[in-house]
Structures are given as C-alpha cells and as structure tokens.
Amino acid sequence: TSLFEAWIGLSVWQAAEYWGWGNVPGRLGSRHPFTTPYEALAARDEHLIIAAGTDRMWQGLCEALGRPQLAADERFGTASARVRNRAALRAALEDELRRHDASYWLERLEAAGIPAAPILTYDRVFADPQSLARGMVIERGDGVTPLVGNPVRMSATPWQLYLGFGAFTAVAVAACGWIPALVQVPRDFQDRLGLAMGIASS
C-alpha cells in the first residue's frame, strides 16, 4: 500500500467527525479530538503527555495535582463540558503543572494510576531502559554506528541482523545465476551489500 492510503486508514477519528457531524477536522497538535485532558501539557522544565480520558481518571488527576476543586468546577464536570471548555481547562492544569518539573509530576501520576509519559528527545530514546530491554538499539562494537532494531517480533522466525562484511555476497551471486569463481566483487561493495541485505532480511 502507499503512505497516502496508510494515513487515511489511520484517520478514524477525523473520518467520524467529518461523516458523522459534517465538520472538517482542523489541526489539533497533540490533542485528542473528543476528550480532554489528553495531550501534551507544559510543566516547569518541559512538556509531558497526560491522558486522563475518563471521569474517574479526571478526578484522579485533580487529586494528584493537589487541585480537587477542579473536579467540582461545573465547567469541567463532564467529558463534554471539558471539551467545550478545553482552553480554560488547559490553562488551569498548566498553572499547577508549572510549579514543578515534569519528572515530579510523572512520578505522582504513575503512583495515582493516571496515564502519563515524558516526551523523549532521541538521545533519551536510545538510552531508555525500555528501548534497550526490547532490543531496539543494536550495538555493533567500538567505533561502529549502532542500528535501530526491528519492532516486529515473530516467535517462529526471529529477526536476525547479519553484520559480517559480504555476508550475502555468495547468495546474491548465486541468485543472479553467475559463477561465483568468475565474479570479483570489490570489497567496499561487499560491505554495503552485506549490510543492506542484512537489514532487508528483517
């Protein structure tokens, strides 16, 4: 399929809004179209994602932030009311969040069972314990650029990366019907071919 078709296939919320209500969806940034707070919000040092998509989570978020009065505010009392008053809600939340760093709030929200996450820069992505535990960073030795792992995991056919120089040269030559002894492949081409086919095998 094309990237164009894939993106349309992911646009379920936008399609529902357009076909269900006749609204042409606008730009949302990180916001969810039909519930809030479910977006990136500013703490003192950086943004974090908070996804309090139900009334129970909203009440728990207010408690975790030390602002239980927000849950009693009629502007925010129901999911539809929170969406209607999204701007005021965001301002009230960020007034509190900006009192502390994101790490402080993430710890509190995790303890309260409220879905939340940091927004990682790529240096933090590649050093994150989850990235390393899941094999998403492939170290290839000193002085060699690491590679990104394959997120698709199959038990019967586990993914492998062949890192040896020219690892697939003989396979490629045989597939072309050439006589290996008569083919002289430059070493730098062997290097590129071995790496490219190792990645393609994933």
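Helices, in the sense used here, are DSSP runs of H or I with at least four residues, numbered from the N terminus. Helix α2, which spans residues 12–21, is one such run, and Trp 13 lies within it. The model is predicted. Its protein chain contains eleven helices and five strands, and 28% of its 202 residues are buried.

**Overall composition**
- The protein chain exposes about 13,500 Å², of which carbon and sulfur atoms supply 59%.
- Of the contacts in the protein chain between residues at least 6 apart in sequence, 49% join residues at least 24 apart.

**Nonpolar core**
- In soluble globular proteins, nonpolar side chains tend to be buried together.
- In this model, the largest nonpolar core comprises 22 residues.
- Leu 48, Ile 50, Trp 58, Leu 61, Leu 70, Leu 93 and Leu 109 have the most contacts inside this core.
- Two or more core residues come from each of β2 (47–51), α3 (55–64), α6 (86–97) and α7 (102–112).
- Helix α3 gives the largest share of the core, at five residues.
- When residues up to four places away in sequence are not counted, Leu 61 touches Pro 37, Ile 50, Ala 52, Leu 93, Leu 109 and Ile 114.

**Leu 89 in helix α6**
- Leu 89 is placed in helix α6.
- Because its relative accessible area is 0%, Leu 89 is classed as buried, the cut-off for that class being under 20%.
- Apart from neighbours within four places in sequence, the contacts of Leu 89 are Thr 36, Pro 37, Trp 58, Phe 76 and Arg 82.
- A distance of 8.3 Å separates the C-alpha atoms of Leu 89 and Arg 75, which are 14 residues apart along the chain.

**Strands β1 and β2**
- Strand β1 covers residues 38–42, and four of its five residues are buried, so the strand is largely enclosed by the rest of the structure.
- Strands β1 and β2 run antiparallel and are joined by five bridges.
- A hairpin of four residues connects β1 to β2.
- Within this pairing, Ala 40 stands opposite Ile 49 of β2.

**Nonpolar surface patch**
- A nonpolar patch on the surface is formed by Val 12, Trp 13, Trp 21 and Phe 34, which together have about 450 Å² of accessible area.
- Trp 13 has 42% relative accessibility and therefore counts as partly exposed, a class that lies between the 20% and 50% limits.

Conventions
Residues are numbered from 1 along each chain as its sequence is written. This is a predicted model: local features need pLDDT of at least 70, side-chain atom pairs count only at pLDDT 80 or more; totals for chains, interfaces and linings use all residues. Side-chain values use heavy atoms; hydrogens and water are left out. A nonpolar core is a set of buried Ala, Val, Leu, Ile, Met, Phe, Trp, Tyr and Cys residues joined through side-chain atoms within 4.5 Å. Buried means under 20% relative accessible area, exposed over 50%, partly exposed in between (1.4 Å probe, protein chains only). Contact means heavy atoms within 4.5 Å. Two strands pair if DSSP finds at least two bridges between them. Patches are made of residues with over 30% relative accessible area and no salt bridge: like charges are joined within 9 Å, nonpolar side chains (Val, Leu, Ile, Met, Phe, Trp, Tyr) within 5 Å. Accessible areas come from the Shrake-Rupley method with a 1.4 Å probe; for residues, only the protein chains shown count as cover. A salt bridge is a side-chain nitrogen of Lys or Arg within 4 Å of a carboxyl oxygen of Asp or Glu.
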